[in-house]
Amino acid sequence: MTVESTAARKPRRSSTKRVSAKKPQRSEPELVQLLTPEGERVEHPDYSIDLTPDELLGLYRDMVLTRRFDAEATSLQRQGELGLWASLLGQEAAQIGSARALRDDDYVFPTYREHGVAWCRGVDPTNLLGMFRGVNHGGWDPSTNNFHLYTIVIGSQTLHATGYAMGVAKDGADSAVVAYFGDGASSQGDVAESFTFSAVYNAPVVFFCQNNQWAISEPTERQTRVPLYQRAQGFGFPGVRVDGNDVLACLAVTRDALERARRGEGPTLVEAFTYRMGAHTTSDDPTKYRADEEREAWEAKDPILRLRTYLEKEGFADAAFFDGLETESESLGRRVREAVRAMPDPDQMAIFENVYADGHALVDEERAQFAAYQASFAEEGK
C-alpha cells in the first residue's frame, strides 16, 4: 500500500483550533519630511521649499499664537464660559503649513477644529468662540475671508468643497479649493462620494486629511487596512502622506497640490500624519482608551519645538524674538478672555430670520407662537 493511499484511508481528526485570517502585508508608507523632530533640515526628491528667515519666523509665530488661543479656549470651557471646545493641540504644523500655501482667492471648507487655518485666513479668533458659547452660528462672513463656516456634521464639508470646486472650474477661474477633514471622517460615505465626483469632473480641490490617529476613541487601524493616502488611487487621483508635525513639509506638499489643481490636473489627497495631543473635545477623556506612553512618544515630535530648535541652530531667532512672542501670546489670551465674557446673549427671535429668502407663512406662524411662549414667562412673574 502506498503512502498516499494510507494517508487517504487514515481518519481525520476534528479540530477546534481557530485559524485567524492573515492580515494583509503593508509596505512602509512614504512620508514627506523636510524638518526632522530633532530640528534638522533634510531634502526630499519631489518636494522642496526655500523660505526666508522672516517667513520661517512667521510660521513659528502662527503656531505659537494658535496654540495659545487654543489653550485659552480650553480653559474657558473648563470655567463654564463655552459649552464645548475641540482642541487642535499637536496639529499646529498641519494647519499652519497647509493654510499658508493658500492664495487669497482660494476657498477653504473646514471642520470644527481648523482654528489655525482660520487664523491664517484672517478670521478673528474671538469669532470662532461665538458658536461654542451658543451666541451665534459662526460669527463671520465666509465670503470675506474665503473661509466657510465650521461644519459639525462629519465629512459633509467635502461634498460642499467638491461642488464649489466644480463651479470654480466651470467659471474658468484658476483658484483652488481645500477641504479639511480627519481620519474618522474618511470612513464616511460623503467623503467617498466627494472623491468620486471630484475625480470624474477633474475638480480643482485638495482633500487635506489630518490623520491624528484617533477618531474619538477609535484608532486608525480599525478604520482602514491601507494608509489613508493610498485610497486616492482607487478613485484615480494621487495621494501623498506628509509629516503632519513638519510645518515646512506641509507647506511644500499643499502648495504643490494646489498648483496641480490650478493647472487643471484635478484633485489630490494629502494625508498629514500627526497626533491629537489632547482630547477629541472637552467632553472626552482620552486616558480611558490610549496609553500615556503613546502620547509621550509624540511629544518628542512636537511641531513647535522642532521649528524652534532649527531657528535657534541657524541663528534666525534670538531671546528677544521669543520674549516678544511670549508677550504677544499673553496679550492674545487676555483679549480672548475679555471678548468671550463680553459677548451679548443672542436675540431669541433671530432663529427665524433668513430661513427663506422671501419669508414664509409657516415660519411667521412659528415665530408668533414662540414669541407668545416667551411672553408667558414674563406674565407668570408678575
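A residue is called buried if its relative accessible area is under 20%, exposed if that area is over 50%, and partly exposed in between. I216 has a relative accessible area of 41%, so it is partly exposed. The model described here is predicted. Its protein chain holds 382 residues, of which 46% are buried.

**Overall architecture**

- The protein chain contains 14 helices and 7 strands.
- Two domains divide the chain: domain 1 covers residues 35–342, and domain 2 covers residues 350–377.
- Between the C-alpha centres of domain 1 and domain 2 there is a distance of 38 Å.
- An unreviewed UniProt entry places the feature "domain: Dehydrogenase E1 component" at residues 61–342.
- That span, residues 61–342, is 49% helix and 11% strand, and its end C-alpha atoms lie 27 Å apart.

**Helix α2 and the residue after it**

- Helix α2 runs over residues 53–78 and has 26 residues.
- From the first C-alpha of α2 to the last is 38 Å, close to the 38 Å expected at 1.5 Å a residue.
- G80 follows α2 and has a positive phi, near 85°.

**Aromatic pairs**

- Across the whole structure, a search finds 26 aromatic pairs.
- Y107 and F109 are both buried.
- The rings of F195 and F237 form an edge-to-face pair, because their planes stand at 85°; their centres are 5.5 Å apart.
- This pair links distant parts of the chain, as its two residues are 42 residues apart: F195 belongs to helix α8 (residues 189–200), and F237 to the loop between α9 (231–235) and β6 (239–243).
- F195 and F237 are each buried.
- A cluster of rings, linked through ring pairs, consists of F69, W85, F132, W140, F147 and Y150.

**Charges over rings**

- K301 has its charged end over the ring of W298, at 4.2 Å from the ring centre.
- R308 has its charged end over the ring of F322, at 3.7 Å from the ring centre.

**Cysteines**

- The search of the whole structure for disulfides finds 0.
- C209 takes part in no disulfide, and the nearest cysteine sulfur to it, that of C250, is 12 Å away.
- A disulfide would need the two sulfur atoms within 2.5 Å.
- With a relative accessible area of 2%, C209 is buried.
- C250 is likewise in no disulfide; its nearest cysteine sulfur belongs to C120 and is 12 Å away.
- C250 has 0% relative accessibility and therefore counts as buried.

- Most residues other than glycine have a negative phi.
- I216 is not a glycine, yet its phi is positive, about 55°.
- I216 is found in the loop between β4 (214–215) and β5 (218–219).
- N354, also a residue other than glycine, has a positive phi near 65°.
- The loop between α13 (319–341) and α14 (361–380) contains N354.
- N354 counts as exposed because its relative accessibility is 75%.

**Separation in sequence and in space**

- I49 is located in the loop between α1 (3–9) and α2.
- The relative accessibility of I49 is 11%, so I49 counts as buried.
- I49 and Y373 are 324 residues apart along the chain, and 61 Å separates their C-alpha atoms.
- A272 is part of strand β7 (residues 268–273).
- A272 counts as buried, because its relative accessibility is 0%.
- From A272 to T151 the distance is 20 Å, C-alpha to C-alpha, while in sequence the two are 121 residues apart.

Note on methods: Residues are numbered from 1 along each chain as its sequence is written. This is a predicted model: local features need pLDDT of at least 70, side-chain atom pairs count only at pLDDT 80 or more; totals for chains, interfaces and linings use all residues. Side-chain values use heavy atoms; hydrogens and water are left out. Domain bounds come from an automatic or database domain assignment. Rings of Phe, Tyr and Trp (its six-membered ring) pair if their centres lie within 6.5 Å; planes under 30 degrees apart count as stacked, over 60 as edge-to-face and the rest as tilted. Buried means under 20% relative accessible area, exposed over 50%, partly exposed in between (1.4 Å probe, protein chains only). Helices (H or I, at least four residues) and strands (E, at least two) are DSSP runs, numbered from the N terminus. A charge sits over a ring if NZ of Lys or CZ of Arg is within 6 Å of the ring centre and within 35 degrees of the ring normal. UniProt positions are given in the numbering used here, feature names are shortened, and annotations may be inferred rather than shown by experiment. The expected span of a helix is 1.5 Å times one less than its number of residues.
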